[in-house]
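Here is a short report for a first look. Keep the structure in view while reading.

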Amino acid sequence: MEGGKGVVLLNCFVSPFGNRVRIALAKKGVEYEETAENMAAKSPLLLSSNPVHGKVPVLLVAGKPPVCESLVILEFIDEAFADAGEQLLPANPCARAHDRFWAAYVDAKMPECAGKVWKSPKGAAAVEEGKKEMVAVMKTLEGELGEKAYFGGEALGYVDVALVTFAPWFLTYERLAGFSVEEECPVLSAWAARCAAENECVAKSLPDAEAVFQFVCGMRKHFGLE
């Protein structure tokens, strides 16, 4: 597939999942349009494009069925725009399986413990539980990262893109749960900073951490959690 003509991303600016797609498209140099979705009042386009889950991200490519689920979209971008920049997934089958495992681990663990932190009332036991679970998950990820610059080695890859979009949320987790990611997980904190500092596709695709916090505060007020 050439260029990226007719590519549209349905996204919400704070979504860790949608922003994975932004990074991948930027890394590949694919031109696209982005449609902002309000997840409290989902558009007919989003609901018709992702009728199963009704959530972002969705990638629309002219003449093709909608592509849903962020990790699936990352692999689609890798394959559909194979000639446009470096691949996210390695060529070696074992290395590809390894990366898929860790990206799946991120999706199985991070949203659940993060949700306990920001979707629970102040002082609720679930907040402390979510914090402890999150720190444990991050330490496990630090163990996998080890002394490597990136999860795949020396360059930003699939697992990095899957995880780094949670970094703008760190400030929110810290303020709501009363801890410091940098102090608890210094290796992961340094990795997140490196991803943005060394990769323009990351830096320009992630929202401001304070903006994420303010968005979450608005959501918490809307749902009576403040």
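## Helix 11

The face of helix 11 turned away from its buried side carries two exposed residues, Lys221 and His222. This is a predicted model. Which residues of helix 11 are buried? They are Val212, Phe213, Val216, Cys217 and Arg220. These residues cover an arc of only 140° around the axis, which puts them on the same side of helix 11.

What covers those buried residues includes helix 4 (93-118) and helix 7. The length of helix 11 can be checked too. It runs over residues 209-222, which is 14 residues. At 1.5 Å a residue, these should span 20 Å.

## Helix 9

Helix 9 covers residues 186-198. Its 13 residues should span 18 Å at 1.5 Å a residue. The end C-alpha atoms of helix 9 are 18 Å apart, which agrees.

The buried residues here are Leu188, Ser189, Trp191, Ala192 and Cys195. Seen down the helix axis, they fall within an arc of 160°, so they line one face of helix 9. Their packing partners are helix 5 (125-145), helix 6 (158-164), helix 7 (170-177), helix 8 (181-184) and helix 10 (200-203). Ala197 and Glu198 are exposed, on the face turned away from the buried side of helix 9.

Is strand 1 buried or exposed? Five of the five residues of strand 1 (residues 7-11) are buried, so the strand is largely enclosed by the rest of the structure. Val7, Leu9 and Asn11 point one way from the strand. Val8 and Leu10 point the other way.

Strand 1 pairs with strand 3 (residues 58-61) in the antiparallel sense, over four bridges. There, valine 8 stands opposite leucine 60 of strand 3. Strand 1 also runs parallel to strand 2 (residues 33-36), joined to it by four bridges. In this pairing, leucine 9 has glutamate 34 of strand 2 as its bridge partner.

## The annotated domain

The UniProt record, an unreviewed entry, places the feature "domain: GST C-terminal" at residues 92-215. In the model, that span is 73% helix and 0% strand. The end C-alpha atoms of residues 92-215 lie 40 Å apart.

Technical notes:
Residues are numbered from 1 along each chain as its sequence is written. This is a predicted model: local features need pLDDT of at least 70, side-chain atom pairs count only at pLDDT 80 or more; totals for chains, interfaces and linings use all residues. Side-chain values use heavy atoms; hydrogens and water are left out. UniProt positions are given in the numbering used here, feature names are shortened, and annotations may be inferred rather than shown by experiment. The expected span of a helix is 1.5 Å times one less than its number of residues. Buried means under 20% relative accessible area, exposed over 50%, partly exposed in between (1.4 Å probe, protein chains only). The arc is that of the directions from the helix axis to the C-beta atoms. Contact means heavy atoms within 4.5 Å. Two strands pair if DSSP finds at least two bridges between them.
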